[in-house]
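Here's a friendly first tour of the structure you're about to see. Take a look, then read on for a pocket, a core and a couple of residues.

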Amino acid sequence: MERPLLVYTTFPDLASALNIGEALVRERLIACINVLPGMQSVYSWKGAVERGAEVAAILKSREGLADALAVALKARHPYDTPIILHLPVAGADADTAAWILAETLPCGPAGAGTQTD
């Protein structure tokens with residue numbers, strides 16, 4: 001079975017994270033997005049140290065979709081250079097891995113499971 005993949009990214013606000021996440025779920029590039037609002041960031045950007053409020057997100061997908069997911073995320077993302085970090089999964093519960101695979105296959109049973117997170 002293909003291995004799950006977690007993708008870490010950030011957004012400027014909750015609405016953009018949820019809207020982009022929903023689009024990626026509908027396109028079956030991800031099975032789920034977990035959005036974590038209220039993050040404060042300090043970062044270097046174009047030679048200056050910046051501070052800002054952001055929203056962190058973890059996307060649940062599979063390794064075979066890594067490139068397509070990155071392309072789709074960049075195309076929708078409001079940042080010039082969005083953070084897209086692929087976090088390979090060393091192991092996963094078999095039912096969790098099967099759910100992610102089923103929800104990201106083109107002919108999979110969209111909405112068939114009861115998984116909510």
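Let's start with the second largest pocket: the residues lining it split into six nonpolar, five polar and two charged. (Nonpolar here covers Ala, Val, Leu, Ile, Met, Phe, Trp, Tyr, Cys and Pro; charged covers Asp, Glu, Lys and Arg; the others, Gly among them, are polar.) This is a predicted model, in which local features need pLDDT of at least 70 and side-chain atom pairs count only at pLDDT 80 or more, while totals for chains, interfaces and linings use all residues. Residues are numbered from 1 along each chain as its sequence is written, and side-chain values use heavy atoms, with hydrogens and water left out.

The pocket has 13 lining residues, with Y43, W45, E54, Y79 and T81 nearest its centre. Two elements, β2 (32-45) and β3 (48-62), each give two or more residues to that lining, and β2 gives the most, with four residues. The pocket's volume is about 290 Å³. (A pocket is an open set of points on a 1 Å grid where a 1.4 Å probe fits, with protein on both sides within 12 Å along at least five of seven lines; lining residues have an atom within 4 Å of a point.) Strands are DSSP runs of E, at least two residues, and helices are runs of H or I, at least four.

Now for the largest nonpolar core, which has 20 residues; F11, L24, I33, L59 and L69 have the most contacts inside it. Its biggest share, five residues, comes from α2. (A nonpolar core is a set of buried Ala, Val, Leu, Ile, Met, Phe, Trp, Tyr and Cys residues joined through side-chain atoms within 4.5 Å.) Beyond its neighbours within four places in sequence, L59 touches L24, I33 and L69, among others; contact means heavy atoms within 4.5 Å.

| Residue | Relative accessible area | Class |
|---|---|---|
| A15 | 46% | partly exposed |
| T104 | 2% | buried |

Buried means under 20% relative accessible area, exposed over 50%, and partly exposed in between, using a 1.4 Å probe and protein chains only. A15 sits in helix α1 (residues 14-26), and its C-alpha atom is 27 Å from that of A48, 33 residues apart along the chain.

T104 belongs to helix α3 (residues 94-104). Its side chain makes a polar contact of 2.7 Å with that of R62. (That's a pair of N or O atoms within 3.5 Å, one able to donate a hydrogen and the other to accept it; residues adjacent in sequence count only if both atoms are side-chain atoms.)

Methods. Grid points are joined across faces, edges and corners, and a volume is the space filled by probe spheres set on the points.
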